[in-house]
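I opened the notebook to record what I looked up, one topic per entry. The structure goes in first.

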Amino acid sequence: MSRIKVERRPSPERLKELGVNQWPIWTKEASEFPWTYDEPETCYFLEGEVTVTGADGETAQVGQGDLVTFPAGMSCTWKISRDVRKHYRFG
C-alpha cells in the first residue's frame with residue numbers, strides 16, 4: 001500500500017497549480033479519532049498540528065504549511081494536538 005506523502009512548505013506556485021484555495025475547508029478541535037480513507041485525500045494545513053498513525057504503524061507528524069496526501073484504503077488514527085484548519089480534496 002502506498003504511504004502518506006508529506007510535502008513541507010510547498011511553493012505558492014505549486015499551491016496555485018493544484019487550485020488549493022478553491023478547495024473546501026475543514027476544521028477540527030484538538031481530539032483523537034479513527035479514520036479510514038475510501039479514496040485518496042490531499043490536504044493543505046493552514047493551521048494545526050496532527051500525528052497520524054496508520055494501522056501498519058506508519059506515523060506522520062503534519063501541520064501548518066504541509067501539503068499531505070493520504071492513500072485510498074488507509075486506516076489510521078488522527079491525534080490532533082493543535083486545532084486544525086485545512087483545505088482538502090478527495091479523489
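**Entry 1: H87.** I began with H87, which is found in strand β7. I worked on a predicted model throughout. Is H87 buried or exposed? I looked up its relative accessible area, which is 6%. The cut-off for buried is under 20%, so H87 counts as buried. I then listed what H87 touches, leaving out residues up to four places away in sequence. The list holds V20, N21, W23, P24, I25, T42, C43, Y44 and L46. With V20 there is also a polar approach: a polar atom of the H87 side chain lies 3.3 Å from the backbone oxygen of V20.

**Entry 2: the cores.** Next I looked up the largest nonpolar core, which has 16 residues. Which of its residues touch the most other members? They are F45, V50, V52, F70 and W78. I noted where the core comes from: β4 (41-54), β5 (59-63), β6 (66-70) and β7 (75-90) supply at least two residues each. Another core, of six residues, lies apart from it and includes L18, V20, Y44 and L67.

I picked F70 for its contacts. Neighbours within four places in sequence aside, F70 is in contact with I4, Y37, P40, E41, C43, V52 and W78.

**Entry 3: salt bridges.** I searched the whole structure and wrote down seven salt bridges. Side chains of opposite charge can pair when their charged atoms come close. I looked at some of the pairs in turn.

In the pair of D66 and R8, the closest N and O atoms are 2.6 Å apart. D66 is in strand β6 and R8 in strand β1, 58 residues apart, and the pair links distant parts of the chain. I checked how each partner is placed. D66 is buried, at 5% relative accessible area, whereas R8 is exposed, at 51%.

K86 forms a salt bridge with E41, again with the closest N and O atoms 2.6 Å apart. This pair also links distant parts of the chain, since K86 belongs to strand β7 and E41 to strand β4, 45 residues apart. Buried or exposed, I asked of K86 and E41? Both are buried.

For E17 and R14, the N to O distance is 3.6 Å. They sit three residues apart in helix α1, so about one helical turn separates them. E17 is exposed, with a relative accessible area of 63%, and R14 is partly exposed, at 28%. I also found that E7, R14 and E17 are linked in a network of salt bridges.

**Entry 4: T36.** I moved on to T36, in strand β3 (residues 31-36). Its relative accessible area is 41%, so T36 is partly exposed. What does T36 touch, beyond residues up to four places away in sequence? It touches M74 and S75. With S75 the side chains make a polar contact, at 3.0 Å. I also looked up the C-alpha atoms of T36 and G73, which are separated by 6.6 Å although the residues are 37 apart along the chain.

**Entry 5: R9.** Last, I checked a backbone angle. R9 is not a glycine, yet it has a positive phi of about 50°. Where is R9 found? It is in the loop between β1 (5-8) and α1 (12-18). I looked up its relative accessibility, which is 62%, so R9 counts as exposed.

Definitions and conventions. Residues are numbered from 1 along each chain as its sequence is written. This is a predicted model: local features need pLDDT of at least 70, side-chain atom pairs count only at pLDDT 80 or more; totals for chains, interfaces and linings use all residues. Side-chain values use heavy atoms; hydrogens and water are left out. A nonpolar core is a set of buried Ala, Val, Leu, Ile, Met, Phe, Trp, Tyr and Cys residues joined through side-chain atoms within 4.5 Å. Buried means under 20% relative accessible area, exposed over 50%, partly exposed in between (1.4 Å probe, protein chains only). Helices (H or I, at least four residues) and strands (E, at least two) are DSSP runs, numbered from the N terminus. Contact means heavy atoms within 4.5 Å. A polar contact is a pair of N or O atoms within 3.5 Å; within protein, one must be able to donate a hydrogen and the other to accept it, and residues adjacent in sequence count only if both atoms are side-chain atoms. A salt bridge is a side-chain nitrogen of Lys or Arg within 4 Å of a carboxyl oxygen of Asp or Glu.
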